[in-house]
Amino acid sequence: MISLKKIAILTSGGDSQGMNSAVRAVARTGLANGFEIFGIRKGYKGLINNDFIKLGSKEVSDILYRGGTFLQSARSAEFETPEGQAQAVENLKAKGIDYLVVIGGDGSYRGAQALERHGIKSFGLPGTIDNDIPLTDYTIGFDTTLNVVTDAVGNLRDTMSSHERVSVIEAMGRNCGDIALQAGIASGVDAILIPEIEPDIKQTAANIKERFERGKSHSIVIVAEGAGKAEDVAKQIKELTGLDTRPTVLGHIQRGGTPSAFDRVYSSRLGHKVIELIQQGVTGVGLGMENNKITYHSFEEIFNAKTEINEQLYHIFEDLV
Ligand code: F6P
């Protein structure tokens, strides 16, 4: 009997909307091309604990439109140790896994690279809301999160306007300002504070005051978590303007919700491409999208590249505010 080649998939780090559709795409394309598919529950932690489940077509139905990750996720300190990695490799080998697909962010990619160095043929799919992985225009979940934040800003604008208040909204993104920047443009806020560009609170406060004097009934500032805390920024603006200024931390609301159509299509394209790369003999790469094409780069290339804020977008914001 010919034994089928085996692919295992895990989701790791902070979950993101679209991880499920990426798993579904790898599984369904793999099954259609004669592979046996396994899911590993709870990320690298589950890999160390041997928590594998077999995935057939039915196991991945009804997940395309669900946020979160049905395989669950975790951050594993144990996996960062040589012993943890040795155990992970042993488990993968014992199960006869030929290929491993890791869906996650920066830390998850480092794990995949470590396993590749131990002889496990690995792939990375960019699953994080932060949009902070180099050499891809988007990460899986970023678009959905933008929509969640844009909706939240709209809700806050309604009430801020009724009470002539200033709203300072803190968005996630770790050290990357993309969520704040793009949601800020999408919702027409008055100021965006991001870690990539030195914030000038005094100027921001002066602009807000001047707008109120011209008759505006509210003001919205969006601050990326990497640039500061909403509470501190709100306090400073209140002191500088005398205006009633309220902080709102959006928090984990940003990571939930049904994935946008963009994230579903994008993650489906990425998952599908993994099987194509396996068939071409390419492994040890992270996939992404550049200029609307699905592309891939070695983990090393990805780690050596820098994520850069889209300066053109920041200038567009400055011209439109
Ligand atoms: O990486 C995704 C992310 O949501 C970041 O934006 C945020 O800084 C972090 O994860 C929060 O992590 P946790 O859910 O473990 O608190």
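**View 1. A β-α-β unit at strand β1.** In this predicted model, β1, helix α1 (residues 19-32) and β2 form a right-handed β-α-β unit, right-handed meaning that, with the strands pointing away from the viewer, the path from the first strand over the helix to the second runs clockwise. Helices (H or I, at least four residues) and strands (E, at least two) are DSSP runs, numbered from the N terminus. Residues are numbered from 1 along each chain as its sequence is written, local features need pLDDT of at least 70, and side-chain atom pairs count only at pLDDT 80 or more, whereas totals for chains, interfaces and linings use all residues. Side-chain values use heavy atoms, with hydrogens and water left out.

**View 2. Strand β1 and its partners.** β1 runs parallel to β2 over 5 bridges, with Lys6 opposite Glu36 in β2, and 5 bridges also join β1 to the parallel strand β4, where Tyr99 stands opposite Ile7; pairing requires at least two DSSP bridges between two strands. Lys6, Ala8 and Leu10 on one face, and Ile7, Ile9 and Thr11 on the other, are all buried (under 20% relative accessible area, 1.4 Å probe, protein chains only; exposed is over 50%, partly exposed in between).

View 3. Strand β10 (residues 285-290) pairs with β11 in the antiparallel sense over 6 bridges, and Gly286 stands opposite His297 in β11.
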